[in-house]
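Here are my notes for a colleague opening this model for the first time. Please read them beside the structure.

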Amino acid sequence: MIPSRRCYVLLAIGGLGAALLDILIDRQVSLNFLRIYDFTLLVGTIVDASQVKESAIEVTRQKIERISVGRENLIELKIKSGKARAIALIRDSFPQQFAVNIDSLEVNLPPNSSKELTYTINPDSRGEYQWGDIQVRQLGKFGLAWRDWKIPASQKVTIYPDLISLKELSIRLTLENAGAMRQARRLGNGTEFAELREYRTGEDIRLIDWKATARRDRPVVRVLEPEQEQTLLILLDRGRLMTARVSGLKRFDWGLNATLSLALAGLSRGDKVGVAVFDRDVTTWISPERGNHHLSKLVDRLTPIQPILLEPDYLGAVTKVITQQTRRALVMVITDIVDATASSELLGAMIRLTPRYLPFCVTLRDPLVDRIAHSPTDNTRDTYSRAVALDLLAQRQVAFAQLRQRGVLVLDAPCDRISEELVDRYLQLKARNLL
């Protein structure tokens, strides 16, 4: 039982009344009034709190299925009132290290009614976390006291990579796929034979199949479509540089989100997709497969992985790829670099992939460095910070130039835009048949 504000107000009124009686009559009458008044108020408060049991609200949390890291995730609570009007405060026991939009929820329900309340939670780390019991505080009928109790609702919840963006990307790719394939077949782009059909005015005469034309005695063209038997291998670094927090998430989380987005794009285009996660060794190897079921496997296998404070062995990771994948493939290494000197091992590893494979180096830039480098300054401290940021960006560009000179494709994008830009670059490679 917790006394309400009304109870304290009435208690203060009783004290004022006793003081007036002491002034107008005598002290004994004042004390007797105060004893009777306070006793009556105490009994009323106890009775008011005990009656809440008869009309206590029911609170249930909708089962939490999957929560995405770095996103606003909606949590729903369903409240049902009893025979009397219910005024209550509800607090869910979510993991305290995560940010929420509201700590406690207020409800004012008519008798025998129900309502859904929601709050959003934004987790900044993946893994398994515990949601505890629901704390409820309901006001009595006369507004004198709150009754406080807990509703058992303990649940273990897994925080996944950004599944919300994967769903959005899936819709986009589905809409694009049909149009892209129709366009490719209409223009004759691709390397795989699809069908023969009659020549139409304005089409490229290089697509004419002369043998079929001779047999049918009329111009016939070959319709080609993009090859569907290609392989995409993604090497995700989980070493020291990937442990740093950038825009609220670890750099590794941004890389993992990009990995899954790229895998979804590859699977949607009919490619085989494989993933390796490495530090000093290749700690996780998922063999290339195709089909939508493979994405679920990737999500389940990659979600528990966390970055560690070890320097990555790029050469060892690339050697694993060469051993496991003998046919030509697009090999994307998702990592970060500081400068050309510190990235010499990465450069040597990427060169080993050429010319048999198509190497692609993807790095995750800190947007804060960009903002500092391109913001005007008006004091010495900010000027020094800007000079350091510009130097960091310049050193990165030197490293990228060396990679490009050796035939390595490069993408350097801010962490919060890496998934979108990486998928776009992959789709461009597919459209140009560079694989």
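1. Start with a buried pair. Asp-412 and Arg-365 are both buried. They form a salt bridge, and their closest N and O atoms are 2.9 Å apart. Asp-412 sits in strand E22 (residues 409-414) and Arg-365 in strand E21 (residues 358-365), so this pair links distant parts of the chain, 47 residues apart. Bear in mind that this is a predicted model.

2. A search of the whole structure finds 19 salt bridges.

3. Look next at Arg-238 and Asp-279. Their salt bridge has its closest N and O atoms 2.7 Å apart. Arg-238 is in the loop between strands E15 (231-237) and E16 (245-246), and Asp-279 is in the loop between strands E18 (272-278) and E19 (282-289). The two are 41 residues apart. Arg-238 and Asp-279 are buried.

4. Arg-218 forms a salt bridge with Glu-198, with 2.9 Å between the closest N and O atoms. Arg-218 lies in the loop between helix H4 (210-216) and strand E14 (220-225), while Glu-198 lies in strand E13 (residues 192-198), so the bridge ties together parts 20 residues apart in sequence. Arg-218 is partly exposed at 37% relative accessible area. Glu-198 is also partly exposed, at 44%.

5. Which residues of H11 are buried? They are Ile-418, Ser-419, Leu-422, Val-423, Tyr-426, Leu-427, Leu-429 and Lys-430. Seen down the axis of H11, these buried residues fall within an arc of 160°, so they line one face of the helix. H11 (residues 418-431) has 14 residues and reaches 20 Å from its first C-alpha to its last, close to the 20 Å expected. Just after H11, Asn-433 takes a positive phi of about 55°.

6. Helix H1 (residues 5-24) gives the largest share, three residues. Ile-25 is found in the loop between H1 and helix H2 (27-51). Ile-25 is exposed, with a relative accessible area of 53%.

7. Last, the cysteines. The structure holds zero disulfides. Cys-361 is buried, at 0% relative accessible area. The closest cysteine sulfur to that of Cys-361 is in Cys-415, 14 Å away and too far for a bond. Cys-7 counts as buried, at 8% relative accessibility.

Note on methods
Residues numbered from 1 in each chain as written. Predicted model: local features only at pLDDT ≥ 70, side-chain atom pairs only at ≥ 80, totals over all residues. Heavy atoms only, no water. Helix = DSSP H or I, 4+ residues; strand = E, 2+ residues; numbered from the N terminus. Expected span 1.5 Å × (residues − 1). Buried < 20%, exposed > 50% of the residue type's maximum accessible area, 1.4 Å probe, protein only. Arc of directions from axis to C-beta. Disulfide = S-S within 2.5 Å. Salt bridge = Lys/Arg side-chain N within 4 Å of Asp/Glu carboxyl O.
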